[in-house]
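Reader: I would like to learn how to read salt bridges, strands and cores in a model. Please take me through one.

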Amino acid sequence: MTQQKRLPVPVWLRQMVRQAKQHGNGSLHRHTAEQVEHHQLHTVCQGARCPNQGSCFSHGTATFLILGNSCTRNCAFCAVDHGIPAAIDADEPCRVKAAAGNMGLKHVVVTAVTRDDLPDGGAGHFAAVIAELRTLPQPPAVEVLTSDFQGNVQAVAAVLAAEPEIFAHNVEMVPRLYAAVRPGAEYNRSLAVLNYAASHASAGTVIKTGFMVGLGEEQQEIRQLLSDLRAAGVEMVTIGQYLAPTMRHYPVQRYVTPDEFDQLAQEAKQMGFASVAAGPLVRSSYHAGEFYQEMQLLR
């Protein structure tokens, strides 16, 4: 995508980012970074240039990025590298387990680059990571954030069979924007993945998704998207502000105010979502463990 003039970032949003970085523990930040480096792991926090990286690391958490750090797709909103991916690292599940154990994580979020080059899209590797985490002395809750597996329901079933506490797949945005921003994906395919997961997951698995605003969507499109997600069986949803990683990525069309996010959260809860996280800095794994625990108390 060619460079385009960016909208100026509002002062209030700059302040939110600064405040997020200021809260936390410096020694925990170093420990988290050291564990990731020592075990030769990738995180989506770093790969996707998440604005919450400093905050999460300094609270002793990180979202592990498995199956390498090179994606087979090239979405216009994402900072993760794309290209020819490396071969599957069979030892990676053990290293994720070791890092999670050393970090004392009670809730582990695992995502991956999209691997359209693999017959199962990497589903077996997700299952292997879950299985390894289950062998920890105090097994954490496991949240997986998967690709659409190109609509392969057998791949979805393989991940569900490992019984993660949360199965997540992000729709990312309203369907009208897919062609321009997410051309390698299909909205109806993502909905079908979520619907299949909701219909075939064990009783203990919660279905989750997330999407961004500020890409040019209309309010009615957001409401329709939320309605579609509830109909598909989604229980948890995250809604955050899109922030272009670089000048070469899809440009931000609008900065949504905190009040508007509060309104979206209210509407989503009225539609029946059990858990809603909405705000400018909210991302898929934003306070994931806390939101999961809150939802469990309400069930």
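Reader: Is R73 buried or exposed?

Author: Buried means under 20% relative accessible area, exposed over 50%, and partly exposed in between, with a 1.4 Å probe and protein chains only. R73 has a relative accessible area of 11%, so R73 is buried. This is a predicted model, in which local features need pLDDT of at least 70 and side-chain atom pairs count only at pLDDT 80 or more, while totals for chains, interfaces and linings use all residues. Residues are numbered from 1 along each chain as its sequence is written, and side-chain values use heavy atoms, with hydrogens and water left out.

Reader: With which residue does R73 form a salt bridge?

Author: A salt bridge is a side-chain nitrogen of Lys or Arg within 4 Å of a carboxyl oxygen of Asp or Glu. The partner of R73 is D116, and their closest N and O atoms are 2.7 Å apart. R73 lies in the loop between β2 (63-66) and α5 (92-103), and D116 in the loop between β3 (107-112) and α6 (123-133), so the pair ties together parts that are 43 residues apart in sequence. Helices (H or I, at least four residues) and strands (E, at least two) are DSSP runs, numbered from the N terminus. D116 is partly exposed, at 26%. R73 and D116 also belong to a salt-bridge network with D148, E186 and R189.

Reader: Which residue does E143 pair with in a salt bridge?

Author: E143 pairs with K208, at 2.8 Å between the closest N and O atoms. E143 is in strand β4 and K208 in strand β6, so the bridge ties together parts 65 residues apart in sequence. Both E143 and K208 are buried.

Reader: How many residues of β6 are buried?

Author: In a regular strand the side chains alternate between the two faces of the sheet. In β6 (residues 206-213), eight of eight residues are buried. One side carries V206, K208, G210 and M212, the other I207, T209, F211 and V213.

Reader: Which strand pairs with β6 over six bridges?

Author: Two strands pair if DSSP finds at least two bridges between them. β7 pairs with β6 over six bridges, in the parallel sense. F211 stands opposite I239 in β7.

Reader: Which residues touch the most other members of the largest nonpolar core?

Author: A nonpolar core is a set of buried Ala, Val, Leu, Ile, Met, Phe, Trp, Tyr and Cys residues joined through side-chain atoms within 4.5 Å. Among the 80 residues of the largest core, they are F64, L133, F167, F211, L229 and I239. Helix α9 (residues 187-200) gives the largest share, six residues.
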